Amino acid sequence: MADSSVSGTGLLPGLREIDDVGRDTSRGASRTGLRGGYRRHLFDDAELDLRAWFIARASAAGLAVETDRNANLWAWWGAPGPNAVVTGSHLDSVPGGGAYDGPLGVVSALDAVAALRAAGFVPSRPFAVVVFAEEEGSRFGVACLGSRLMTGQLEPERARSLLDPEGVSLAEAGSRVGFDVANLGHDPEALARIGLFIELHVEQGRALIDLGAPVAVASSILAHGRWRLTFTGEADHAGTTLMQGRRDPVVAASRAIVALRDIAVSRAAQDARATVGRSSWASGGTNVIAAEASVWLDARAATDADTHALVAEIVEASTAAATLEGCELDVAEESWSGAVRFDVGLREGFAAALGDVPRLSTGAGHDAGVLAGVVPTAMLFVRNPTGISHAPEEFAELADTLAGVDALTSILRSLL
Ligand code: GLV
Ligand code: MN
Ligand code: MN
């Protein structure tokens with residue numbers, strides 16, 4: 001059992017230890033208040049601190065920590081693989097993200113190890129806690145970077161040349177912190193060690209509060225991907241250029257953004273979602289008609305075909321918006337994740353073993369989704385009473401996080 005006497009700030013001790021790491025102290029766009037939440041992005045100071053924290057924590061628990069070719073961290077209890085049971089999640093965040101998305105899975109895994117050790121348990125098969133790199137894709141744009149590279153779903157050349165918002169490549173960022181990016185790429189040896197992967201994660205919607213359950217097992221993930229829409233127009237003076245005849249890419253992008261929302265709403269039957277949460281205008285001067293407007297589209301739907309159809313309709317509407325404003329449009333796919341159905345045997349076995357807990361589908365992507373195509377994979381969700389995620393309001397009650405640790409511990413015990 002996890003230590004139910006834990007109290008204090010309402011956080012598991014592991015989360016409390018990293019509570020101050022990477023807090024987002026930047027101002028909101030209006031500059032009237034702090035955005036709050038976390039900024040923890042691959043190879044930045046906060047993420048490096050979290051890596052150091054994980055290595056120290058796992059080493060103190062008697063685990064042997066190694067970093068793989070793709071910057072993923074592995075903490076082994078006993079000798080590495082084959083046929084290992086692996087659990088864990090990620091430590092990076094979205095900009096302004098919450099405290100639980102990612103770290104809860106890592107901390108719960110370490111707590112499960114502590115609980116098993118305290119009970120005198122010794123695994124009879126290899127076991128590791130993993131921390132995947134850049135799950136959110138918030139610095140270099142591609143979601144689940146570490147697991148995608150490991151499974152060969154992202155070419156190392158492309159990965160090395162990915163740029164962050166400041167124009168720093170992944171290759172440069174890696175070498176600045178002493179990480180050798182020459183070895184990035186498909187890692188069959190690392191993959192061959194995994195017999196089964198289970199990721200515990202905070203719930204990212206609002207289902208368990210109404211179902212009255214602290215823990216659920218994942219059933220599926222929507223198909224999803226990221227596309228960059230770049231509208232090109234003509235830079236000019238905001239004061240001297242008549243309104244007629246402008247080629248303003250910001251107007252074209254704005255028309256496209258409204259259209260894509262309406263298109264996703266019209267496709268509610270396919271669980272469609274379309275979002276623009278990141279954009280940039282060049283030049284970005286107040287008194288300048290921009291030359292270029294770049295928006296990142298996040299599109300999701302129930303099936304691969306539904307998502308492709310959604311994106312095709314959005315591209316058509318965006319092309320029409322560009323034409324209307326005398327602009328050009330370029331569309332680039334940045335990342336793609338097909339719909340995931342988690343291993344039914346594991347899902348049902350775990351759900352039953354945990355007392356017939358709910359099975360939940362999710363619209364959020366996960367490293368578990370990337371691994372599900374390669375190894376038997378399962379996920380546990382811990383109730384989030386706010387239903388909010390990727391924002392500071394993301395939350396889980398301490399009692400529920402303890403229930404999550406207990407659930408993970410009992411599953412690991414049954415597997416090991
Ligand atoms: C990650 O959380 C995603 O769903 O994009
Ligand atoms: Mn996330
Ligand atoms: Mn996550």
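How many bridges join strand β7 to β11, and in which sense do the two run, parallel or antiparallel? I started there, and my points follow. Keep in mind that this is a predicted model.

1. On that opening point: β7 (residues 223–232) runs antiparallel to β11, and 10 bridges join them. If you want a pair to click on, take Arg228, whose bridge partner in β11 is Trp296.

2. β11 has another partner to look at. Strand β9 (residues 273–282) pairs with β11 over nine bridges, again in the antiparallel sense. Here Thr275 stands opposite Asp298 of β11.

3. How enclosed is β11 itself? The strand covers residues 292–301, and nine of its 10 residues are buried, so the rest of the structure largely encloses it.

4. Thr377 belongs to strand β15 (residues 377–382). Why call Thr377 buried? Its relative accessibility is 1%, and the cut-off for buried is under 20%, so Thr377 qualifies. The Thr377 side chain reaches the backbone oxygen of Val375 at 2.8 Å. Setting aside residues up to four places away in sequence, Thr377 touches Phe197, Phe342, Asp343, Leu346, Ala368, Leu371 and Ala372.

5. Last, Glu333, in strand β12 (residues 328–337). Buried, exposed or partly exposed? With a relative accessible area of 46%, Glu333 counts as partly exposed, because that class lies between the 20% and 50% cut-offs. Beyond its neighbours within four places in sequence, Glu333 is in contact with Arg158, Arg226 and Trp227. Glu333 and Val142 also make a pair to check: 191 residues separate them in sequence, yet their C-alpha atoms are 10.0 Å apart in space.

Methods:
Residues numbered from 1 in each chain as written. Chains lettered and ligands numbered in written order. Predicted model: local features only at pLDDT ≥ 70, side-chain atom pairs only at ≥ 80, totals over all residues. Heavy atoms only, no water. Helix = DSSP H or I, 4+ residues; strand = E, 2+ residues; numbered from the N terminus. Buried < 20%, exposed > 50% of the residue type's maximum accessible area, 1.4 Å probe, protein only. Polar contact = N/O pair within 3.5 Å; in protein donor to acceptor, adjacent residues only side chain to side chain. Contact = heavy atoms within 4.5 Å. Pairing = 2+ DSSP bridges.
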